[in-house]
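I opened my notebook to look at how two chains meet and what lies inside. Here is what I looked up.

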Amino acid sequence: MPQWIAATPFFLYVGIFLLLPTAIVVGGAFIDSNGLSLSNFSTMNQRFVINAFINSVVLSLATAIIGAVFGALLAYAVATGNPNGVFRRLVSSACGVLAQFGGVTLAFAFIATLGSAGLITLWLKQHGMNIYANGVWLYQLRGIVLVYTYFQIPLMVLVFLPALDGIRPQWREATESLGGGTWHYWRYVAGPLLAPAFLGSTLLLFANAFSAYATIAALVNQGSIVASLLIANTLTSEVGLANPGIASAFALVMVVIVAVIMVLYTVLQRRTAKWLQ
Amino acid sequence: MKVEAAIKRLGLLAGALVLLTACGGGGTTSTVNAATAKSAADVGGMDALIAAAKKEGKLNIIATPPDWANYGAIIDSFKAKYGISIDSANPNGSSQDEINAVKQLGKTSRAPDVLDMGKAVTLANTELYAPYKVQTWNDIPESQKESTGLYVQDYGGYMSIGYDSAKVPAVTSLQDLLGSGFRGKVALNGDPTKANAALNGVMMASLANGGSADDISKGVDFFHQLKARGNFTPVQATTATVKQGQTPVVFDWDYLSASHGTDVPTWKIFTPSNAILGDYYNAAINKNAPHPAAARLWEEYVFSDAGQNFWLKGLARPVRMAAMQSSGKIDAAAAAKLPPVNGKPVFLTGDQATKAKEYLASHWAQAIG
Amino acid sequence: MSRNRRLRLQIFRVVVFLVVGAFFLVPIGAMFEFSTRGVTEDAPRTLNAWLTIAQTPDLVAAILASLGLAVLTSLGMLVLLVPTMIWVRLRLPHLSRVIEFLCLLPLTIPAIVLVAGLAPIYLWMNLNINDSILTLAFVYLILVLPYAYRALYTGLGAIDVKTLAEAARSLGANWGTVMLRVIAPNMSVAILNACLLSVAVVLGEFTIANLLNYVNLQVAIALLGRANATVSIAVAVASLLFAFILLVILSFAGRSRARVARLEEV
């Protein structure tokens with residue numbers, strides 16, 4: 001029996017429930033009222049569409065990197081504790097819940113904390129600090145970055161923790177017996193071994209932020225400043241601007257962008273494997 | 001195999017029906033007829049319709065949140081009166097979401113039975129509805145219904161500025177909103193290129209700012225000014241953000257604005273006297289409704305005096321208001337609570353709405369960005 | 001491990017937990033504070049919003065449906081993804097990039113667009129096979145793929161799968177035993193994390209259930225939230241607590257790991 005047979009259940013399942021819907025959606029990008037055509041892509045050169053995609057990429061990169069770094073630090077703090085302890089279970093479960101926490105409620109949580117009438121805002125104002133003196137940044141991309149890290153950091157912890165758990169104390173001992181210190185340990189031993197997992201997790205965080213919709217829809221409801229808002233608007237506009245064909249075209253562009261990022265990630269992985277040797 | 005079994009079953013059913021009607025003589029017709037009934041008479045009268053609906057036992061509604069024009073009370077009373085359970089899906093959905101659900105759920109048992117939508121979406125999808133004339137059909141003005149009953153206007157209101165009088169100064173004109181007391185506090189109910197309420201909000205601002213029903217640009221200019229002063233906030237206004245103080249001023253339909261009054265006792269509603277912009281929502285029945293008799297019974301109920309008065313209590317103007325006032329069936333106390341409207345209301349025509357949306361599509365993002 | 005290093009590590013851990021703890025707990029605290037507000041500004045604090053949740057009968061059915069979906073999805077993930085990943089790791093390494101991309105794809109397609117593609121499939125399934133809300137498990141398994149894949153991948157990367165498999169095979173084990181009794185226990189952390197993620201995704205999923213007109217936990221919460229401002233926030237915090245407690249209980253299902261040396265020696 002050929003070896004690839006064992007992988008067929010997976011591919012069959014994914015084929016039906018993922019590839020088929022994707023094909024239906026992507027196919028819709030090439031069809032308009034007159035049949036097969038590329039007219040749905042004609043809106044791609046408009047300023048606000050290009051800006052939306054650029055904003056999406058920038059926002060996702062920023063939150064992916066910030067989430068990855070802080071998430072890795074938190075994961076390290078967790079991994080160096082008692083592996084069977086209650087604390088670790090609590091933190092893991094909390095990360096599980098918060099990684100999926102989003103949408104209108106997350107937006108409200110931040111509004112209640114840092115909004116114009118938020119608890120922290122008012123407390124700071126009482127102590128003489130007006131954080132919004134130069135405009136309310138919570139509803140601009142910088143503020144959205146902060147809000148996104150709320151679920152990016154827990155997600156990073158969950159997907160990166162198993163890698164940190166795989167670190168053997170023997171590695172440290174070996175480094176030290178060869179005269180290396182902390183810097184050498186991280187630069188030559190643990191770093192290269194953790195790099196693939198770290199990069200892979202960062203990629204996941206990127207894709208997660210890229211397609212996130214509900215949270216930013218609740219905070220920045222005006223003007224579609226990122227791609228996911230653009231798509232939602234094109235699918236559910238009730239003033240007559242809905243156009244499923246164009247929405248499919250945008251969705252296809254999103255998939256292409258992520259595919260490109262994946263290629264870059266693969267290249268980066270190979271490069272770091274070489275550099276860190 | 002399946003087809004043969006199905007044919008056998010249908011055959012038995014048909015035979016049973018023939019026997020029943022032959023022996024029973026007159027009286028209830030089966031729900032097979034309800035799907036094509038164009039009025040209660042087609043089903044054999046109101047009692048027959050009620051019986052058929054009760055047999056179906058369920059109704060699927062969509063995008064009908066309980067705090068929208070007092071729909072909660074209508075849903076509860078319908079359930080209590082007829083014992084039919086109601087499945088309320090996608091409460092925060094838009095009109096387009098309703099159409100998407102009809103298309104995507106096809107003939108499944110979860111497809112929406114009845115729809116309640118804004119004008120643009122209603123007009124664009126008439127092939128999806130079943131024509132039906134409720135018993136109170138003649139009370140509805142000609143201009144507010146489609147002649148065969150494909151869709152009928154059910155309730156409406158006027159675009160208003162709702163505000164929390166405890167958090168911001170009183171609003172007596174549109175220009176007040178440009179004042180310093182409104183820093184970061186004014187919100188629209190949605191994005192005007194997406195939401196009907198928001199488009200009408202911008203149009204109302206245009207009317208109050210020297211524009212007209214054909215020209216929404218003055219409204220876009222107003223919001224641009226609002227944004228430049230730092231008074232505009234892009235946050236999606238919800239009951240929670242209103243109560244919390246993030247969005248104490250909201251452009252919204254007066255009946256929707258009214259629901260904030262339960263959370264915020266100091267909530268007030270202002271309609272500029274030189275900009276009275278009205279709009280009605282439209283009711284329609286899904287052609288492929290999984291519960292056709294219940295769907296029709298629902299329409300009968302909401303267009304009856306009881307149903308219309310519930311909407312009135314929600315501060316919406318029911319479509320049969322004029323007729324009910326002359327017949328005396330109107331709930332006078334609720335009617336007295338309606339926000340006063342001193343002037344001639346404007347209703348956008350299809351063309352004006354189209355022109356507005358096209359202008360917004362090309363200008364809103366820059367104005368507000 | 002030197003005392004100096006141990007001390008630095010402890011300080012590092014305390015600082016991280018304090019800072020991160022504050023960052024995550026303050027917004028939830030703000031939500032809780034809002035949910036206890038009275039009707040007017042000066043009205044006393046009240047737990048009315050929380051009591052309203054207890055009085056909603058429809059919520060129970062939605063909770064049960066979501067729990068059922070969580071169980072089905074986790075099982076599906078364990079049965080479909082774990083063996084496939086182990087097999088690809090061992091025998092089909094050239095497929096690993098393909099699987100990685102396939103497992104990332106669900107995240108790149110926004111849910112509302114995915115529904116547009118899924119709708120015809122679900123239409124066929126509902127009319128010909130089954131109508132119940134549990135059929136959502138099929139698509140939820142796809143939704144958890146990105147997260148589960150990444151967690152399982154890092155777990156697989158941390159152990160020497162090849163050696164373990166060869167050793168077990170040389171002792172006469174069949175592939176089932178190799179996967180179930182040799183490799184899986186060694187990646188129990190990763191598997192547990194993948195399950196935690198799957199349960200969390202299912203409990204938090206809203207868009208697809210909503211657009212397909214099913215009522216799962218999040219949809220029921222959205223409907224409940226329309227009643228009143230404080231209730232909508234109270235029910236959101238309650239659902240977070242519910243999911244948290246559920247996950248803590250679930251985390252006790254993992255085997256306790258005996259360690260040769262404690263990791264803090266690192």
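Before counting, I wrote down one term: a polar contact is a pair of N or O atoms within 3.5 Å, where, within protein, one must be able to donate a hydrogen and the other to accept it. I also noted that this is a predicted model.

**Entry 1: chain C against chain A.** I counted polar contacts across this interface and got 15 residue pairs, both residues at pLDDT 80 or more. I then asked which elements of chain C give two or more residues to the side that touches chain A. They are α1 (3-35), α3 (58-91), α4 (96-108), α5 (111-128), α6 (136-157), α9 (188-204) and α12 (229-251). The largest share, 16 residues, comes from α1(C). By class, this side of chain C has 65 nonpolar, eight polar and 12 charged residues.

**Entry 2: extent and charge.** I found 85 residues of chain C in contact with 91 residues of chain A. The two chains bury about 8,100 Å² between them, and 76% of that is on carbon and sulfur atoms. How many salt bridges link chain C and chain A? I counted one. The side chains of R5(C) and E176(A) form a salt bridge, at 2.5 Å from N to O.

**Entry 3: the cores.** I looked up the largest nonpolar core, which has 208 residues. Those with the most contacts inside it are F53(A), L81(C), L136(C), L152(C) and I183(C). Helix α6 of chain A (residues 141-165) gives the largest share of this core, 16 residues.

**Entry 4: one residue.** I checked what I183(C) touches beyond four places away in sequence; the list includes I86(C), L90(C), L156(C) and V178(C).

Technical notes:
Residues are numbered from 1 along each chain as its sequence is written. Chains are lettered from A and ligands numbered from 1 in the order in which they are written. This is a predicted model: local features need pLDDT of at least 70, side-chain atom pairs count only at pLDDT 80 or more; totals for chains, interfaces and linings use all residues. Side-chain values use heavy atoms; hydrogens and water are left out. A nonpolar core is a set of buried Ala, Val, Leu, Ile, Met, Phe, Trp, Tyr and Cys residues joined through side-chain atoms within 4.5 Å. Buried means under 20% relative accessible area, exposed over 50%, partly exposed in between (1.4 Å probe, protein chains only). Helices (H or I, at least four residues) and strands (E, at least two) are DSSP runs, numbered from the N terminus. Contact means heavy atoms within 4.5 Å. Buried area is the accessible area (1.4 Å probe) that two parts lose on being put together, summed over both. A salt bridge is a side-chain nitrogen of Lys or Arg within 4 Å of a carboxyl oxygen of Asp or Glu. A polar contact is a pair of N or O atoms within 3.5 Å; within protein, one must be able to donate a hydrogen and the other to accept it, and residues adjacent in sequence count only if both atoms are side-chain atoms. Ala, Val, Leu, Ile, Met, Phe, Trp, Tyr, Cys and Pro count as nonpolar, Asp, Glu, Lys and Arg as charged, and the others, Gly among them, as polar.
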